[in-house]
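Subject: Structure for you to look at

Hello,

Here is the structure I said I would pass on. Please open it next to this message, as my notes on what turned up in it follow below.

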Amino acid sequence: MDFSVIELYSLFGGLLGMILGVIILFRAQGEREIRIILVITLLVSSVIAIFSTIMYSGKADHIPHLIRIDSPFAYLLGPACFFYTYATFKPGFRFHWIYLLHLLPFIANLIEFTPFYLSDASTKVDYYRAFLETGTVIMPYHYLLKTISLFIYLFMQIYYFLKYKPLNKMNGVNRITVIWFRIFIIIQLISMTGLVADNLTGLHIFGDPYRFATLVITTFLYVVTITLLVYPQILYGISNDRFSNRSKYSHSRLNEEDKSAILDRLKAYLSDDRKVYCDANLSLPEVARRIEVGIHQLSQAINEKTGFNFNDYLNIYRIEEAKSLLSSKEYEKLTIDAIASKAGFQSKSTFYSAFKKHTGITPKQFAETIRSQ
């Protein structure tokens with residue numbers, strides 16, 4: 001079978017999405033819920049990209065049992081994208097069984113096509129060829145329903161993105177995550193504009209609507225792949241304490257000057273030659289006592305002025321110390337475990353997670369980069 005450039009573009013994109021999904025699931029670090037939902041999003045998109053290409057290209061004539069396999073999966077794409085956004089931004093997101101109700105359109109479409117899936121090959125081929133004679137394998141009413149579904153879930157993504165994105169000063173991880181989701185939502189918005197316009201004009205704008213929808217999903221897969229290669233931090237999401245704490249600290253009397261003064265005292269304490277942050281047991285109450293401020297005041301100042309919680313803020317100093325150790329010839333014979341301990345981390349896994357979260361690379365990769373210079 002011969003494939004056009006566009007068909008190869010979609011097939012390779014689908015294969016790439018599946019490979020990336022496996023890597024994220026078994027090799028990548030980050031928040032568990034976000035990783036799993038993103039994997040589902042990638043796999044659903046990949047199934048649609050691959051099987052839709054086989055459908056619109058005419059190749060399904062040779063493998064009839066693959067005809068319409070992609071149709072129910074299109075009803076999963078909207079929920080998958082929504083829950084990826086929701087899990088990233090919603091404080092304390094956890095999966096609840098009630099969320100399975102979002103599978104109902106997928107199940108209904110699956111039930112609708114089950115008799116067809118169970119039919120013989122010749123029946124499927126006749127069905128498929130009848131559609132090809134019209135110039136497209138699109139089913140207009142399903143195309144409309146899928147467009148409506150995607151539009152609803154896109155609106156929900158925009159709502160929760162605006163509701164939960166950080167309102168205070170953002171740290172590097174938050175900034176990357178917010179920028180990525182702006183791109184993520186804009187891509188969907190542009191795609192939705194095309195789909196809506198196509199429906200309103202009788203499916204004549206893009207020639208074959210089926211191919212257009214497939215190319216949109218494939219392009220989405222490439223964008224996600226490139227983004228993850230450059231910014232793996234987007235797998236960590238935004239934790240509870242990085243959101244605006246107006247409700248949590250609604251009764252606090254600290255003004256902006258007070259918070260800045262507390263943060264300055266904290267920086268001075270952490271920046272002196274004693275390197276107190278290298279103590280893995282250093283606690284918020286201990287630091288608050290040392291710089292003579294209240295525990296809750298210190299916590300509020302860190303949260304609202306930096307976007308970090310106490311431990312994450314300490315880890316900034318610890319990571320810089322670790323980078324210094326990894327760059328020093330004096331310590332080049334030390335193991336990663338030893339460097340993690342000297343920098344103030346309680347375990348190797350915590351060290352690796354924090355290092356990659358803040359720098360985008362592992363300690364080992366950083367050390368190799370330094371030694372290659």
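This is a predicted model: local features need pLDDT of at least 70, side-chain atom pairs count only at pLDDT 80 or more; totals for chains, interfaces and linings use all residues.

The cavity

The count comes to one cavity of 30 Å³ or more. The largest cavity holds about 520 Å³ of space. Its lining consists of 30 residues, and those nearest the centre are Leu 77, Leu 150, Leu 195, Ala 213 and Ile 217. By class, the lining has 18 nonpolar, nine polar and three charged residues.

Which helices supply at least two residues each of this lining? They are H2 (32-57), H3 (74-89), H6 (140-164), H7 (172-200) and H8 (209-230). H6 gives the most, with eight residues.

Aromatic pairs

In general, a pair of aromatic rings is described by the distance of the centres and the angle of the planes. The whole structure contains 34 aromatic pairs. In one of them, Phe 82 and Tyr 160, the ring centres are 5.8 Å apart and the planes lie at 55 degrees, so this pair is tilted. The pair joins distant parts of the chain, since Phe 82 sits in helix H3 and Tyr 160 in helix H6, 78 residues apart.

Helix H9 (residues 256-271) and helix H11 (residues 295-306) have axes that come within 9 Å and cross at roughly 100 degrees. H9 and H11 are therefore roughly perpendicular to each other. On the H9 side, the contact is made by Glu 256, Lys 259, Ser 260, Ile 262, Leu 263 and Leu 266. The residues from H11 include Leu 298, Ala 301, Ile 302 and Lys 305. Sorted by class, this contact has six nonpolar, four polar and four charged residues.

The other crossing is between helix H12 (residues 310-327) and helix H14 (residues 348-359), whose axes come within 10 Å and cross at roughly 95 degrees. That angle makes H12 roughly perpendicular to H14. Among the residues that meet here are Ile 316, Ile 319 and Leu 326 in H12, and Phe 351, Ala 354 and Phe 355 in H14. The contact of H12 with H14 divides into seven nonpolar, three polar and three charged residues.

Regards

Definitions and conventions: Residues are numbered from 1 along each chain as its sequence is written. Side-chain values use heavy atoms; hydrogens and water are left out. Axes are lines fitted to C-alpha atoms, for helices over the stretch in contact, and angles run from 0 to 180 degrees between N-to-C directions. Helices (H or I, at least four residues) and strands (E, at least two) are DSSP runs, numbered from the N terminus. Angles under 35 degrees count as roughly parallel, over 145 as roughly antiparallel, 65 to 115 as roughly perpendicular and the rest as oblique. Contact means heavy atoms within 4.5 Å. Ala, Val, Leu, Ile, Met, Phe, Trp, Tyr, Cys and Pro count as nonpolar, Asp, Glu, Lys and Arg as charged, and the others, Gly among them, as polar. On a 1 Å grid over the protein atoms alone, a cavity is a set of points where a 1.4 Å probe fits but cannot get out, and a pocket is an open set with protein on both sides within 12 Å along at least five of seven lines; lining residues have an atom within 4 Å of a point. Grid points are joined across faces, edges and corners, and a volume is the space filled by probe spheres set on the points. Rings of Phe, Tyr and Trp (its six-membered ring) pair if their centres lie within 6.5 Å; planes under 30 degrees apart count as stacked, over 60 as edge-to-face and the rest as tilted.
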